[in-house]
Each structure stands twice: as structure tokens, then as C-alpha cells.
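Hi,

Here is the structure I said I would pass on. Have a look at it first, and my notes follow below.

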Amino acid sequence: MAGQADQDRRHLPPGGASDILARIMAEQLGKKLGQPVVVDNKPGAGGTIGALQVASAPADGYTFVLSNTTPLALGPFLLDKQPYDPVTAFTHVASLGSAPLVIMASKPSGITSFADIEARARKDGRLDFGSGGPGSIGHVHGELIRKITGANLVHVPYRGGAPMTTDLIANVIPVGIDVITAYVPYFKGGQLVPLAVTGAARSPLMPDVPTIVELGQPKLVLENFFGLSGPAELPPEMVEKLNTACNEVLAMPDVQKKLIELGIVAKPESAARFEAIVKEQVGILAPTVKSAGIKL
């Protein structure tokens, strides 16, 4: 890659937003760089298995990771032994975009606003909330709500968003937190109630849903970021070339459209700014994971 490698391997689970984003970027980067860009899925351990392979690879431009919040700001801190430093073990090349979470409620629960979450937790002494699994970004955001507001939220883990959705609709659990994309049909169909998105700006998928900032909780802003990262000490000229190529791809209208369909807003940035984003997320999430005692 960047004039040296014939393949760019990105390590992430197949089928999800990260995988789809990687394939969109791979197709367009291959055209811009004039060489094949190959997606190689390596899931497991909160994304740390694939990320560790990249962190351990030579800094020769052959191996990169489609980095996001899970393997960088969550995964390393969910394990008994931290496998790598998410800032210094990588060269953070380019920001690709971000996707907010949505805080939602079961319709029969009667919860219709974010303020109702705090009120219900105080009234009943606790409030159960679901996520896609222990250590997921939804789980950690619920713990962050508990930490910031003092509301006694109790986590109910699920094996993915689908079973959580079933229980939300049936009011087995009153509240759920997850990345917004899969839930839009249930909001439009009236089966679930969106209370807030966790980004600094409203989501183009649900522009009528307020942000957590608008609701007076700026410390609860949390977005799942996506980017391109390689091993530490990549040559600066390679980083600049890849960053420019990624930013040009993200400026393409058809790419932006595809990302919005995934719930992702394209966010081209300099390599330095992307590294700062990673540091900011680690600074927010690592202490929350540790204080809540969350482990994989």
C-alpha cells in the first residue's frame, strides 16, 4: 500500500457496519492507489485479536485495521491483561466517520424521554437496560449514564441486538442502548421509542430525535468512531498519502450516501486529529470500564 504493498488487510467481524465500511473503502482506495485492497476478517475478544495482529505487524504498509471504538477504546480494557496500548501501538492514519448510539424505550414502559429514565430509576430504586452484550459500547454507555447521573441502571446483557429488540418490544426490559442503525424501522413503526442519540449532532437517520447535548448531558456524548490504523512508526509520507486518499474517498457523494445508510456520518480529518479522537475516547471509556468491573 502507499506505493509499497499489494494488499491492505483489515481485521474485523464480517457482516457488520465495520465490515461493510471496510469493503466500501477498499473498493475505492484500490482504484485511487492502483493496487488491490483486500479485507481479511479476524473477529474475536472485542476486536482485539485482529488489532493485535496489526499492532504486531511490520510498519511496511501491508497491514492495516479498520479501527473503531471497540478494539481501541473498549476491547483492551475488558481483558485481564491489556494486549496493547491503543494509542502508541498504532499509527492512526485517517478518520472515516462516526455513528451515534440511541437510547430507546419499550412503548409499554411509558418512558417517553431521557428525563423519565432518571425519574423511573429513582422511583423504583433501579432501572434495567439492555445492550448487545457485556462490554459492548451500549453496555458501557449505560454505565456512563449511571456514573454521570447517579441513576441506578442495571445492565441486562444479550447476545446481540436482535434478542434485545424482541425483549424491548415485549417490555421484558424497559430501556435499551445500541448503535442506531438497526432500530430505525422499529421507531418508524411505533414499536420502540427513541429518547436520545448520543452524538453531538442529530443523526440523519432520525433527525427528529434530540441529542444528549440538547437534553443537558454533554458528558454523555459517545459515538462509535471508525478509522484506518496501521502499526506504529509508519513512514510520515505513507501516512500523508493514505490520509489524503481516504479523505478523497469520503468526499464522494455516493460513498457518503452509503455511509449514511449504515448510520455513519463521514468525518475526514488529519491523522493528528484522528489520533486525538482515539485518545479522547480512551480517556472516557477506559475509566468507566475499570470502575464498573466489566470483563469479557
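In which handedness of crossing does α1 pass α8? The crossing is right-handed. Before I go on, please keep in mind that this is a predicted model.

**Helix α1 and its two neighbours**

Staying with that pair, the axes of α1 and α8 come within 10 Å and cross at roughly 120 degrees. On the α1 side the contact uses M25, Q28, L29, K32 and L33. From α8 come K241, L242, A245, C246, E248, V249 and L250. Sorted by class, the contact of α1 with α8 has eight nonpolar residues, one polar and three charged.

Helix α1 (residues 17–33) also packs against helix α9 (residues 253–261), at an angle of about 170 degrees and with the axes 11 Å apart. Angles over 145 degrees count as roughly antiparallel, and α1 and α9 are therefore roughly antiparallel to each other. L21, I24 and Q28 of α1 meet V255, K258 and L259 of α9 here. The classes in the contact of α1 with α9 are four nonpolar, one polar and one charged.

**α3 against α10**

Next comes helix α3 (residues 69–78), which packs on helix α10 (residues 271–292) at an angle of about 30 degrees, with 9 Å between the axes. The cut-off for roughly parallel is under 35 degrees, so α3 and α10 are roughly parallel to each other. The crossing of α3 over α10 is right-handed. From α3, the residues in contact are T69, L72, A73, L74, F77 and L78. They meet V278, Q281, V282, L285, A286, V289 and K290 in α10. In the contact of α3 with α10, 10 residues are nonpolar, two are polar and one is charged.

Two of those α3 residues turn up again at a glycine. G135 sits in the loop between β3 (127–131) and α5 (137–149), and G135 counts as buried because its relative accessibility is 6%, with the cut-off for buried at under 20%. Leaving aside residues up to four places away in sequence, G135 touches L74, L78, V140 and I294. G135 and L74 are 61 residues apart in sequence, yet their C-alpha atoms are 7.3 Å apart in space.

**Aromatic pairs**

How many aromatic pairs are there? The count comes to two. Y84 and F90 make an edge-to-face pair, 5.3 Å centre to centre and with 90 degrees between the planes. Y84 is buried at 6% relative accessibility, and F90 is buried too, at 5%. F225 and F274 are also edge-to-face, with 5.9 Å centre to centre and 80 degrees between the planes. This pair links distant parts of the chain: F225 is in strand β7 (residues 223–231) and F274 in helix α10, 49 residues apart. Both F225 and F274 are buried.

**Loop residues to check**

A few loop positions are left. T211 is in the loop between β6 (192–197) and β7. Is T211 buried or exposed? T211 is buried, with a relative accessible area of 2%. Not counting residues up to four places away in sequence, T211 touches V197, G199, A200, A201 and R202.

Then there are two residues other than glycine with a positive phi. One is N171, with phi near 65 degrees. N171 lies in the loop between α6 (161–169) and β5 (175–179), and N171 is partly exposed, with a relative accessible area of 30%. The other is E233, where phi is near 65 degrees as well. E233 is in the loop between β7 and α8 (236–250). With a relative accessible area of 73%, E233 counts as exposed, because the cut-off is over 50%.

Cheers

Key:
Residues numbered from 1 in each chain as written. Predicted model: local features only at pLDDT ≥ 70, side-chain atom pairs only at ≥ 80, totals over all residues. Heavy atoms only, no water. Axes fitted to C-alpha atoms, helices over the stretch in contact; angles between N-to-C directions. Helix = DSSP H or I, 4+ residues; strand = E, 2+ residues; numbered from the N terminus. Parallel < 35°, antiparallel > 145°, perpendicular 65-115°, else oblique. Left-handed = near helix turned anticlockwise from the far one by under 90°. Contact = heavy atoms within 4.5 Å. Nonpolar A, V, L, I, M, F, W, Y, C, P; charged D, E, K, R; others polar. Phe/Tyr/Trp six-rings, centres within 6.5 Å; stacked < 30°, edge-to-face > 60°. Buried < 20%, exposed > 50% of the residue type's maximum accessible area, 1.4 Å probe, protein only.
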